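Please look over the sequence and the model shown here before reading on. The notes are meant to be checked against the coordinates.

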Amino acid sequence: MREFTINKNDSGQRADKFLQKAVPLLPKSLMYKYLRMKRIKLNGKRCEISTRLAEGDVMQLYIGDEFFETAPEKEFLAAPAVLNIVYEDENIMLLDKKNGLVVHEDDEHTADTLINRILHYLYDKGEYDPNAENSFTPSLCNRLDRNTGGIVIAAKNAEALRILNQKIKDREIEKRYLCITVGVPPKKHDTMTAYLEKNADGNTVKVTDKKTPYNKTIITTYDVLKTDGRLALVEVKLETGRTHQIRAHFAHIGCPLLGDGKYGSNAVNREYGVKTQALYSYKLKFVFTGESGILEYLNGKEFAVKDVWFRDKFVGK
């Protein structure tokens, strides 16, 4: 028999969701069977699938040892605990992810990822111990492509993660991007609408001006900050968040991003010596309109990255 004492990060979850995280080797079908057979109990009594767990509850599992892992592996220690921290408190972290760093493990099983760096950093600080957690791991709330830099949000506890995920879904976190376009957008300020269709095979998207049953609406607002007549430094706000939206939308209007090998001009990229897209998620603001729980103190706060590698490099200071 094994026991789990429900801690603060576990509380609020349905029993079945907790079990899937705490005992990942237990097949889902068998988990449901054991719940029916009362081989999995909560506080000594029958446990229903939909029961919401509370801090201090004790879950007893009368199941074979083969379903339990040994001590959690600390694979994240293979990544350096080196981070560019924009902001940190007891609940969240805002990280400035540099170009070239992946956020999660990729197909090449890269160990040096942003999330592994965060886990290593918090482990060294004594704020995260995988042996003390039943079902929670500090997690990223948003992601950026390997070759896009900028602010990534991480939650240190389960309550912060739930709130941030909902705020992102409700579009109560505003993000601003900087980019360099090859060609000057036609207006100094504009809100553009088009339609985007994903091509999963080539990891690319296609943007058109016509709606079809297969594409989705994209809305992109921009301001041209400065230009030398050929290149432009542009600030962008996404009204919708689609795959490669900024890169593909500006390419669609004839102003691809500098350094973009997928939607831009390789000849121009070589001319300027740029091998990665000039795109940075450089500013973030919390604009909560609904209940914010333990993160209410963040409402109205804005954070920005000053060190954007291309900001003053191509279009003058």
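The model is predicted. The protein has 317 residues, and 46% of them count as buried. Its secondary structure comes to 6 helices and 15 strands. The C-alpha trace spans about 75 × 45 × 40 Å along the principal axes. The structure holds 17 salt bridges and 0 disulfides.

**Cysteines**

- The disulfide count is 0. Cys 179 is in no disulfide, and the nearest cysteine sulfur, that of Cys 255, lies 9.7 Å away.
- Cys 255 is likewise in no disulfide, with the sulfur of Cys 179 as its nearest cysteine sulfur, at 9.7 Å.
- Why does this pair not count as a disulfide? The cut-off is 2.5 Å between the sulfur atoms, and the sulfur of Cys 255 is 9.7 Å from that of Cys 179.
- Cys 179 is buried, at a relative accessible area of 0%.
- Cys 255 is buried too, at 3%.

**Salt bridges**

- Asp 96 and Lys 98 meet through their side chains in a salt bridge, at 2.8 Å from N to O. Asp 96 is buried, with a relative accessible area of 8%. Lys 98 is partly exposed, with 28%.
- Asp 112 pairs with Arg 117 in a salt bridge of 2.7 Å, N to O. Arg 117 counts as buried at 17%.
- Why does Arg 117 count as buried? Its relative accessibility is 17%, and the label applies under 20%.
- Glu 271 forms a salt bridge with Arg 230, and their closest N and O atoms are 2.7 Å apart. Glu 271 lies in helix α6, while Arg 230 sits in the loop between β12 and β13 (231-238), so this pair ties together parts that are 41 residues apart in sequence.
- Glu 271 is exposed, with a relative accessible area of 52%. Arg 230 is partly exposed, at 34% relative accessibility.
- Which residues are linked in a network of salt bridges? Glu 88, Lys 125, Glu 127 and Lys 156 are.

**Surface charge**

- A patch of positive charge gathers on the surface, made up of Lys 17, Lys 21, Lys 28, Arg 52 and Arg 162.
- Arg 162, one of the patch residues, is placed in helix α4, which covers residues 158-169.
- Is Arg 162 buried or partly exposed? Arg 162 is partly exposed, with a relative accessible area of 43%.

**Positive phi angles**

- Asn 43 has a positive phi, near 55°, and is a residue other than glycine. Its place is in the loop between β2 (40-42) and β3 (45-46). Asn 43 is partly exposed, with a relative accessible area of 41%.
- Arg 171 has a phi near 60°, again a positive value in a residue other than glycine. Arg 171 is in the loop between α4 and β9 (173-182). At 47% relative accessibility, Arg 171 counts as partly exposed.

**Two residue pairs**

- Where does Leu 258 lie? Leu 258 is in the loop between α5 (245-252) and α6 (266-272). Leu 258 counts as buried, at 0% relative accessibility.
- Leu 258 and Lys 74 are 184 residues apart along the chain, and 39 Å separates their C-alpha atoms.
- Val 224 is found in strand β12, residues 216-227. Val 224 counts as buried, at 9% relative accessibility.
- Val 224 and Tyr 177 are 47 residues apart in sequence, and their C-alpha atoms are 12 Å apart in space.

Notes. Residues numbered from 1 in each chain as written. Predicted model: local features only at pLDDT ≥ 70, side-chain atom pairs only at ≥ 80, totals over all residues. Heavy atoms only, no water. Patch = residues over 30% accessible without salt bridge, like charges linked within 9 Å, V, L, I, M, F, W, Y side chains within 5 Å. Areas by Shrake-Rupley, 256 points an atom, 1.4 Å probe, with all protein chains shown as cover. Salt bridge = Lys/Arg side-chain N within 4 Å of Asp/Glu carboxyl O. Lys, Arg positive; Asp, Glu negative; His and termini not counted. Charge placed at Lys NZ, Arg CZ, Asp CG, Glu CD. Helix = DSSP H or I, 4+ residues; strand = E, 2+ residues; numbered from the N terminus. Buried < 20%, exposed > 50% of the residue type's maximum accessible area, 1.4 Å probe, protein only.
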